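This report describes selected features of a protein model. The reader is asked to keep the structure in view while following the text.

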Amino acid sequence: MFTIILIMATGIGLGWLLRGRKMPFLGRITNALIWVLLFLLGVEVGGDERIVNGIASLGLEAILISVAGVAGSCLLACGLWRWARSGKEVKRK
Amino acid sequence: MKGSLIIVAFFILGVIAGRMEWLTIDKFGFDISFTALAMLMLCVGIGVGSDLGALRNLKTLDRRLLLLPLVTICGTLLGCLILAVIIPWRTIPETLAIGSGFGYYSLSSIFITQYKGPEPGTVALLANIAREIITLLGAPILLKLAGPLAPISSGGATSMDTTLPIISSVSGKEFVILSIYHGFTVDFSVPFLVTFFCSI
């Protein structure tokens with residue numbers, strides 16, 4: 001956990017040193033790494049008998065719980081955004 | 001949307017590869033997921049550090065936005081509570097414990113498996129993977145429906161790593177630091193909340 005934070009802090013420092021330079025490859029590397037991570041997540045899910053067998057019977061319940069959580073949190077987040085914006089104009093692109 | 005479909009394609013490819021036993025995570029001899037995640041975080045960090053404009057924009061964010069982790073936690077638990085009342089086959093604290101993973105599927109499923117057994121543990125794993133996938137795929141829709149904080153809130157504990165690049169591109173770079181702060185705080189709450197709901 002803290003290793004990850006430390007690595008990101010290092011990246012922020014590096015990026016600050018490299019500021020002003022164009023780094024078009026950065027976005028491509030980022031995307032490739034996301035694909036690798038999602039592929040590995042798939043490998044883990046596919047290789048686990050317990051999860052594969054459970055997907056049929058437990059999958060629906062899991063989706064219901066995740067949708068309920070996302071809906072609830074987004075509803076309140078929407079409220080927070082409106083409240084935060086009501087006081088003063090927040091700069092948006 | 002094209003980017004999300006590519007992501008899902010890679011995930012499905014991984015499932016097939018794992019199912020067919022073409023490869024397993026242990027075969028690499030080192031923690032490849034962690035290595036890839038570390039590299040991803042370095043890239044995200046460089047992107048943030050090199051864009052001083054994004055950091056300057058951050059100071060214009062309202063201090064009230066620092067309440068976002070609390071909003072995410074309360075909103076998730078509220079949604080899960082309503083669902084738990086409707087579904088008869090699982091107890092209310094168990095459903096709340098599963099919801100308290102906030103996308104942090106590895107830790108929450110291990111905790112819940114230990115306290116409540118493998119069945120709710122599996123649901124926790126699937127539900128929290130689903131939360132991550134919903135965020136990756138649905139971020140543009142969530143932005144339209146509920147504003148720029150919604151993708152962050154939806155990402156839960158993952159808003160600091162795996163869903164951060166999506167949030168950065170959908171909500172804007174000025175939300176990256178808020179997203180990291182949010183992910184870190186929500187992440188930190190997972191062991192406490194899951195343990196609490198498993199013990200009542």
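## A buried threonine and its surroundings

B:Thr72 has a relative accessible area of 0% and is therefore buried, since buried means under 20%. The model is a predicted one. B:Thr72 is placed in helix 4 of chain B, which covers residues 68-86.

## Chain A in outline

The secondary structure of chain A consists of three helices and zero strands. Read from the N terminus, these elements follow the order α-α-α. Chain A has 93 residues, of which 41% count as buried.

## Aromatic rings

A pair of aromatic rings is described by the distance of the centres and the angle of the planes. Over all chains, four aromatic pairs are counted. One of them is formed by A:Trp81 and B:Phe175, with 5.8 Å from centre to centre and 65 degrees between the planes, in an edge-to-face arrangement. A:Trp81 belongs to helix 3 (residues 49-87) of chain A, whereas B:Phe175 lies in the loop between helix 9 (164-170) and helix 10 (176-199) of chain B, so the pair joins two chains. Are the two partners buried or exposed? A:Trp81 counts as buried because its relative accessibility is 5%, and B:Phe175 counts as buried because its relative accessibility is 1%.

## The largest pocket

Rolling a probe the size of a water molecule over the atoms shows where empty space is left. The largest pocket has a volume of about 820 Å³. It is lined by 30 residues, and those closest to its centre are B:Ser33, B:Leu37, B:Tyr104, B:Tyr105 and B:Ser106.

Which helices supply at least two residues each of this lining? In chain A they are helix 2 (24-47) and helix 3; in chain B they are helix 2 (32-50), helix 6 (105-116) and helix 7 (118-146). Helix 2 of chain A provides the largest share, six residues. By class, the lining of the largest pocket comprises 17 nonpolar, six polar and seven charged residues.

How values were computed
Residues numbered from 1 in each chain as written. Chains lettered and ligands numbered in written order. Predicted model: local features only at pLDDT ≥ 70, side-chain atom pairs only at ≥ 80, totals over all residues. Heavy atoms only, no water. Helix = DSSP H or I, 4+ residues; strand = E, 2+ residues; numbered from the N terminus. Buried < 20%, exposed > 50% of the residue type's maximum accessible area, 1.4 Å probe, protein only. Phe/Tyr/Trp six-rings, centres within 6.5 Å; stacked < 30°, edge-to-face > 60°. 1 Å grid on protein atoms, 1.4 Å probe; cavity = no way out; pocket = protein on both sides within 12 Å on 5 of 7 lines; lining within 4 Å. Points joined across faces, edges and corners; volume = space filled by probe spheres on them. Nonpolar A, V, L, I, M, F, W, Y, C, P; charged D, E, K, R; others polar.
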